[in-house]
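Please look at the sequence and the model before reading on.

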Amino acid sequence: MLELYDGALDVPTILKEWYEAERESNYGAYIPFVGTVRSEDGIDGLSFDIYEPILESWFNAWQARAKAKGAIVKMAHARGDVMVHESSYISAVFSPKRRVALELIDSFVEDFKASAPIWKYDLIGGERIYAKDRSTAIAGSGILGVKE
Amino acid sequence: MVRVEFLGPIQKDALEIEISNLNELAAILQDDEELQEWLKNSAVAVNDKIVVSLDVALNDGDKVSLLPPVCGG
């Protein structure tokens, strides 16, 4: 399940909905990761652009990988502005046993940071500034810049 | 016509151009001064699938997307 919201995430509601959806699915482990916007470098908040078609195919590939281990992944992300101390990102893994969930949440979140087509901007004094230094080039980037 | 879209922070309107492969697109975009840095660090998708080689034929109606460095979460 991939959920996109305009603005900050309602953390208690989302975690509760996911819990209630799976509470009788016989999973022994539910491991959520909640990402919160921190106050640092004078930002008022963060803002996000998302390219949904590739985000969906990226997520579906992870869902298939999780399914092969008897697990499921869920993810929610914000579009647009999210202010300091609000949440922009939640992901979770449900699995029969804890080890699979602990390992999957790690690899899923790391690959999310490296590959999911989402762009982050700092909100500072009414400006929206691309967080270039904190961004990662997707694997295979740069092919159009190679000169013959 | 092939549609070329520039995603996220690349401030450029989409193009509609007559090209038959990604090598032709590379040559055209390399002439655009504003795109030089983005070409070096952007991934390329054809019809919403990431490609890792320029040896990709393009057909009428195809969509090419440039994806600059990402940072979700």
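## Helix H2 of chain A

On H2(A), the exposed residues A:Asn60, A:Ala61, A:Ala64, A:Lys67 and A:Ala68 sit on the face turned away from the buried side of the helix. The model in which these positions are seen is a predicted one. The buried residues of H2(A) are A:Ile54, A:Leu55, A:Phe59, A:Trp62 and A:Ala66. Viewed down the helix axis, these buried residues fall within an arc of 135°, so they line one face of the helix.

The length of the helix can be checked as well. H2(A) has 17 residues, and at 1.5 Å a residue the helix should span 24 Å; the C-alpha atoms at its ends are 24 Å apart, which agrees. Just after H2(A) comes A:Gly70, with a positive phi of about 75°.

## Chain A as a whole

Chain A contains three helices and seven strands. Along the sequence they follow the pattern β-α-β-β-α-β-β-α-β-β. Taken along the principal axes, the C-alpha atoms of chain A fill a box of roughly 50 × 45 × 25 Å. Of its 148 residues, 33% count as buried.

How much of the contact in chain A joins residues at least 24 apart in sequence? Among contacts between residues at least 6 apart, the share is 74%. A:Gly28 and A:Ser95 give one case of separation along the chain: they are 67 residues apart along it, while their C-alpha atoms are separated by 6.3 Å. A:Gly28 is in the loop between helix H1 (11-22) and strand S2 (29-36) of chain A. Leaving aside residues up to four places away in sequence, A:Gly28 touches A:Pro96, A:Lys97 and A:Arg98. A:Gly28 is exposed, with 11 other C-beta atoms within 10 Å.

## Chain B as a whole

Chain B has two helices and five strands, arranged along the sequence as β-β-α-α-β-β-β. Its radius of gyration is 12 Å, close to the 11 Å that the globule rule gives for 73 residues, so chain B is as compact as a globular protein of that length. The C-alpha trace of chain B spans about 35 × 25 × 20 Å along its principal axes.

Buried residues make up 34% of the 73 residues in chain B. Among contacts in chain B between residues at least 6 apart in sequence, 54% join residues at least 24 apart.

## Two residues with positive phi

Most residues other than glycine have a negative phi. A:His85 has a phi near 75°, a positive value in a residue other than glycine. A:His85 lies in the loop between strand S4 (72-83) and S5 of chain A. Is A:His85 buried or exposed? A:His85 has 11 C-beta neighbours inside 10 Å and therefore counts as exposed.

In chain B, phi of B:Asp48 is near 70°, again a positive value in a residue other than glycine. B:Asp48 is found in the loop between strand S3 (43-46) and strand S4 (49-51) of chain B. With 14 other C-beta atoms within 10 Å, B:Asp48 is partly exposed.

## Where the chains meet

The contact between the chains takes 30 residues from chain A and 26 residues from chain B. On the chain A side, helix H2 (52-68), strand S5 (87-95), helix H3 (98-115) and strand S6 (118-124) each supply at least two residues. The residues of this side divide into 15 nonpolar, ten polar and five charged.

The largest nonpolar core has 55 residues, of which A:Ala71, A:Val73, A:Val93, A:Leu104, B:Val44 and B:Leu67 touch the most other members. Which residues does B:Leu67 touch, not counting those up to four places away in sequence? They are A:Tyr51, A:Pro117 and A:Ile138 in chain A, and B:Leu7, B:Ser42, B:Ala43 and B:Ala45 in chain B. B:Gly8 is in the loop between strand S1 (2-6) and strand S2 (15-17) of chain B, and is buried, with 24 other C-beta atoms within 10 Å.

Note on methods. Residues numbered from 1 in each chain as written. Chains lettered and ligands numbered in written order. Predicted model: local features only at pLDDT ≥ 70, side-chain atom pairs only at ≥ 80, totals over all residues. Contact = placed C-beta atoms within 7 Å. Helix = DSSP H or I, 4+ residues; strand = E, 2+ residues; numbered from the N terminus. Nonpolar A, V, L, I, M, F, W, Y, C, P; charged D, E, K, R; others polar. Rg over C-alpha atoms; globule rule 2.2 N^0.38 Å. Buried ≥ 20, exposed ≤ 12 C-beta atoms within 10 Å, placed from the backbone. Core = buried A, V, L, I, M, F, W, Y, C linked by C-beta atoms within 7 Å. Expected span 1.5 Å × (residues − 1). Arc of directions from axis to C-beta.
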